[in-house]
Amino acid sequence: MLRGLWYYALPGADLRPGAAVHRQMLGEPLLIGRDAKGRVFALRDICPHRGMPLSEGAFDGREVECCYHGWRFDTSGQCTAIPWLVDGSEVEVGRIRVRRYPAREVLGNVFVYIGVADTDDALLPDLPKLADIGVARPQLSIETIFNCHVDHAVIGLMDPAHGSFVHTSWWWRPGREMQLKERAFEPAPLGFRMKRHRPASNARAYRFLGGAPETEIAFHLPGLRTEHARTDRYQYCQLTAVTPIDERTTRVNHVIYWTVPWLTPLKPFFRHIARRFIAQDRDIVERQQRGLKFDAPMMLVRDADTPARWYFRLKKEFSDAAAEHRAFKNPVEETILRWRS
Ligand code: FES
Ligand SMILES: [Fe+2]
């Protein structure tokens, strides 16, 4: 699990002003909230007094109150009150803090920066770039839990060769009809990008965009995949964010934006289809775990497994660069990949 990156926390719509929720990310307990002014924040969800999760207490839009002894903290993590203190007490409330994590909202998604230790805001890396198609928040948002390590979720979702075997529903693929795919890839910040292309004619779901769409798919660390499709008239953008909850559990958030007006009334149907599709991805990697638990080695075979190889190389380079205090050097080179699917 890589540290020093922005991670997807939750859809912004799930946090109304004055709300705070518990989320576990990378094995760490977080309290993620939105203050009365609408700003998002994240704190370690542990009271520094005696370990009570702060999410068990109350948030009034300004301060969090621990449910055990009522210590209060502002949204920067600063302790503001210890109710039992008497006048003249030596305890310095101002020196007590709970760890704060940088949190930001991008196009209706809350991202939290998880570093090794507290990070100066001035040193934070850029926020993930999402294609802005002029829609401020996602029209569709689906969260799924995968019972597997983040790596299996990531490579399972980016795998270009499983479609004909896993996503065989009528609305996506008519069956095991396989076509030769040839796609150009290039390095992108902290990842790689499949250059803009026309999706295969056996990918039916794109037809709702009307006309022949062109799509661009990008991946970047820690586990963000974006897909942007456009025709002359419409645009569609999907973000898939893969976030480790702990070593064995992974959260996958799919958020979708579109400018196709007639798609909006069909949302329940579209949601149903998207859920089915994601469940297919979850079920296949969960079934794979039954084999992997016997320490099964993994073969990553060219060209279809090349994105998975890149993922592992990107991760390695990211941690090496951090350990050696040097700039990240993208290991991906411009390449054409060919496979059948
Ligand atoms: S444990 Fe939080 S105030 Fe005591
Ligand atoms: Fe899939």
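Start at the metal: along the chain, the donors of the iron ion (ligand 2) follow the spacing H-x4-H-x113-D. This is a predicted model, in which local features need pLDDT of at least 70 and side-chain atom pairs count only at pLDDT 80 or more, while totals for chains, interfaces and linings use all residues. Residues are numbered from 1 along each chain as its sequence is written, chains are lettered from A and ligands numbered from 1 in the order in which they are written, and side-chain values use heavy atoms, with hydrogens and water left out.

**Stop 1: the iron ion**

Select ligand 2 and its protein donors. They are H162 (NE2), H167 (NE2) and D281 (OD), at 1.9 to 2.1 Å from the iron ion. Donors here are N, O and S atoms within 2.8 Å of the metal (3.2 Å for Na, K and Ca); water is not among the atoms, so sites may look incomplete.

Are H162 and H167 buried or exposed? Both are buried. Buried means under 20% relative accessible area, exposed means over 50%, and partly exposed is in between (1.4 Å probe, protein chains only).

**Stop 2**

Now select residues 235-246, which form strand β17. Helices (H or I, at least four residues) and strands (E, at least two) are DSSP runs, numbered from the N terminus. How many of the twelve residues of β17 are buried? Ten are, so the strand is mostly covered.

Two strands pair if DSSP finds at least two bridges between them. To see one bridge, pick T226: its partner in β17 is L239. Four residues lie between β16 and β17, and the two strands form a hairpin.

Pick D246 and look across to T249 in β18, which stands opposite.

**Stop 3: a nonpolar patch**

Follow the chain past β18 (249-258). L266 is found in the loop between β18 and α3 (267-292). L266 is partly exposed, with a relative accessible area of 39%.

Together with L266 they make a nonpolar surface patch of about 300 Å². Patches are made of residues with over 30% relative accessible area and no salt bridge; like charges are joined within 9 Å, and nonpolar side chains (Val, Leu, Ile, Met, Phe, Trp, Tyr) within 5 Å. Accessible areas come from the Shrake-Rupley method with a 1.4 Å probe, and for residues only the protein chains shown count as cover.

**Stop 4: salt bridges**

Side chains of opposite charge can pair when their charged atoms come close. A salt bridge is a side-chain nitrogen of Lys or Arg within 4 Å of a carboxyl oxygen of Asp or Glu. By this rule the count comes to 21.

Select R99 and E28. They form a salt bridge, and their closest N and O atoms are 3.7 Å apart. R99 sits in the loop between β8 (79-81) and β9 (100-101), and E28 in strand β3 (residues 28-34), so the pair ties together parts that are 71 residues apart in sequence. E28 counts as buried, at 10% relative accessibility.

Then select R251 and E143. Their side chains meet in a salt bridge (3.7 Å, N to O). R251 lies in strand β18 and E143 in strand β12 (residues 140-146), so this pair ties together parts that are 108 residues apart in sequence. R251 counts as buried at 6% relative accessibility, whereas E143 counts as partly exposed at 32%.

Move to R282 and D283. In this salt bridge the closest N and O atoms are 3.1 Å apart. R282 counts as partly exposed at 24% relative accessibility, and D283 counts as partly exposed at 34%. For a network, select D60, E63, E65 and R72, joined by salt bridges that share partners.

**Stop 5: a three-strand sheet**

Last, color an open sheet of three strands, in the order β1-β11-β10, with antiparallel pairing. Which are its edge strands? They are β1 (5-11) and β10 (103-106), each pairing on one side only.

β1 and strand β11 (residues 109-114) pair over six bridges. Select Y7, found in strand β1. Opposite Y7 stands V112 in β11. Y7 counts as buried, at 2% relative accessibility. Finish with a distance: the C-alpha atoms of Y7 and L292 are separated by 26 Å, and these residues are 285 apart along the chain.
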